[in-house]
Amino acid sequence: MINLVNVNRHFKNGEETNHILKDINISIDTGEFIALMGPSGSGKSTLINILGFIDRGYTGQYLFNDENYQNVSDNKLAFVRNKTVGFVFQNFKLIQNNTIMENVSIPLLYSGMSSRERKQRVESVLRDVNIEDKKNLVPKKLSGGQQQRVAIARSIVNKPKFIIADEPTGALDSQTSKDIMDLFIRLNREQNTTMIIVTHDRKVAEQADRVIHILDGRVQREEVIE
Ligand SMILES: Nc1ncnc2c1ncn2[C@@H]1O[C@H](COP(=O)(O)OP(=O)(O)O)[C@@H](O)[C@H]1O
Ligand SMILES: [Mg+2]
């Protein structure tokens, strides 16, 4: 599904150019559960911005289902991003003035669904992540773990092909982290949603099928978890 071939990313910084990703070759199959590990500053977020169709200032090739989207229009790229990938972040990134229902509806606003269909779809994913009883509240009324469930609901509401989660358990206590990981594992198994999770936590990484270790902008090694 995902194929990166000799991907490099440079950033200009005044006079100098920093080489941040170096000859990245990664393949990810449909249904895989991948953990990305590496020290702070090693290039993990830069890499997932490329995978998530946010950044295309790279050289080399990114093929998604054999298609290259590097040179499409911004609109087309946004369309592809919206229907292909769900994002989950460490700090949830929910809209504070909107209810849980409204937050999870946002990715569906461009889907052409009627408001009734949208409501049904949102209620169904809120049930999937076990947070339906909070649907009329605003995010600050919820605990961190509950807010992350809402963010996960938002990430899956469009039935994406894969989910990118950048340190999704980084702000949560260990029991809540475990609950959130159990939820990702369930979504992966039941819906075959491909998962790419950035984590510093070895316990989290060990629940993946495969760990890709990034060091100084390179794939240092790949590790299959038994
Ligand atoms: N948009 C950007 N412009 C310039 N430098 C960047 C940009 N994004 C990331 N970098 C640099 O790339 C390096 C890797 O950053 P990042 O991918 O965020 O690492 P990680 O997520 O592994 O902590 C850092 O040195 C960072 O300063
Ligand atoms: Mg990062």
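## Buried loops, ring pairs and a helix pair

Leucine 172 is buried, at 13% relative accessibility. The model is a predicted one.

Leucine 172 sits in the loop that joins β7 to α6. Not counting residues up to four places away in sequence, leucine 172 touches Phe92, Gly144, Gly145, Gln148, Ser177 and Ile180. Asparagine 3 is 169 residues away from leucine 172 in sequence, and the two C-alpha atoms are 32 Å apart.

The loop between β7 (162-166) and α6 also holds glutamate 167. Is glutamate 167 buried or exposed? Glutamate 167 is buried, because its relative accessible area is 17% and the limit for buried is under 20%. Its backbone is worth a look too. Glutamate 167 is not a glycine, yet its phi is positive, near 50 degrees. Most residues other than glycine have a negative phi.

**The α5 and α6 pair**

Two packed helices are described by the angle between their axes and the distance between the axes. Helix α5 spans residues 144-156 and helix α6 spans residues 174-191. Their axes come within 10 Å and cross at roughly 20 degrees. That makes α5 and α6 roughly parallel, because angles under 35 degrees count as such. The crossing of α5 past α6 is right-handed.

Which residues meet across this pair? From α5 come Gly145, Gln148, Arg149, Ile152 and Ile156. From α6 come Thr176, Asp179, Ile180, Leu183, Phe184 and Leu187. Residues three or four places apart in an α-helix point the same way, because there are 3.6 residues a turn.

Serine 143 lies in the loop between α4 (115-128) and α5. Serine 143 is partly exposed, with a relative accessible area of 38%. The C-alpha atom of serine 143 is 37 Å from that of glutamine 220, 77 residues apart along the chain.

Why is helix α1 described as largely enclosed by the rest of the structure? Helix α1 covers residues 44-51, and six of its eight residues are buried, so the rest of the structure largely encloses this helix. The buried residues are Lys44, Thr46, Leu47, Ile48, Ile50 and Leu51. After α1 comes phenylalanine 53, with a positive phi near 60 degrees.

A pair of aromatic rings is described by the distance of the centres and the angle of the planes. The structure holds five aromatic pairs.

| Ring pair | Centre to centre | Angle between planes | Class |
|---|---|---|---|
| Phe53 and Tyr62 | 5.3 Å | 20 degrees | stacked |
| Phe87 and Phe89 | 6.1 Å | 5 degrees | stacked |

Phenylalanine 53 and tyrosine 62 are both buried. They also belong to a cluster: ring pairs link Phe53, Tyr62, Phe64, Tyr69 and Phe162.

In the other pair, phenylalanine 87 is buried, at 17% relative accessible area. Phenylalanine 89 counts as partly exposed, at 25% relative accessibility.

What lies over the face of phenylalanine 89? Lysine 93 does, at 4.2 Å from the ring centre. Lysine 93 belongs to the loop between β6 (85-89) and α3 (100-105). Lysine 93 counts as partly exposed, at 47% relative accessibility. Its phi is positive, about 55 degrees, although lysine 93 is not a glycine.

Lysine 22 is part of strand β2 (residues 16-28). Its relative accessibility is 13%, so lysine 22 counts as buried. Lysine 22 touches Val7, Asn8, Asp216, Gly217 and Arg218, with residues up to four places away in sequence left out.

Leucine 63 belongs to strand β4 (residues 59-64). Leaving aside neighbours within four places in sequence, leucine 63 is in contact with Met1, Ile2, Asn3 and Asn68. Valine 5 is 58 residues from leucine 63 along the chain, and their C-alpha atoms are separated by 8.1 Å.

Methods:
Residues numbered from 1 in each chain as written. Chains lettered and ligands numbered in written order. Predicted model: local features only at pLDDT ≥ 70, side-chain atom pairs only at ≥ 80, totals over all residues. Heavy atoms only, no water. Buried < 20%, exposed > 50% of the residue type's maximum accessible area, 1.4 Å probe, protein only. Helix = DSSP H or I, 4+ residues; strand = E, 2+ residues; numbered from the N terminus. Phe/Tyr/Trp six-rings, centres within 6.5 Å; stacked < 30°, edge-to-face > 60°. Lys NZ or Arg CZ within 6 Å of the ring centre and 35° of its normal. Axes fitted to C-alpha atoms, helices over the stretch in contact; angles between N-to-C directions. Parallel < 35°, antiparallel > 145°, perpendicular 65-115°, else oblique. Left-handed = near helix turned anticlockwise from the far one by under 90°. Contact = heavy atoms within 4.5 Å.
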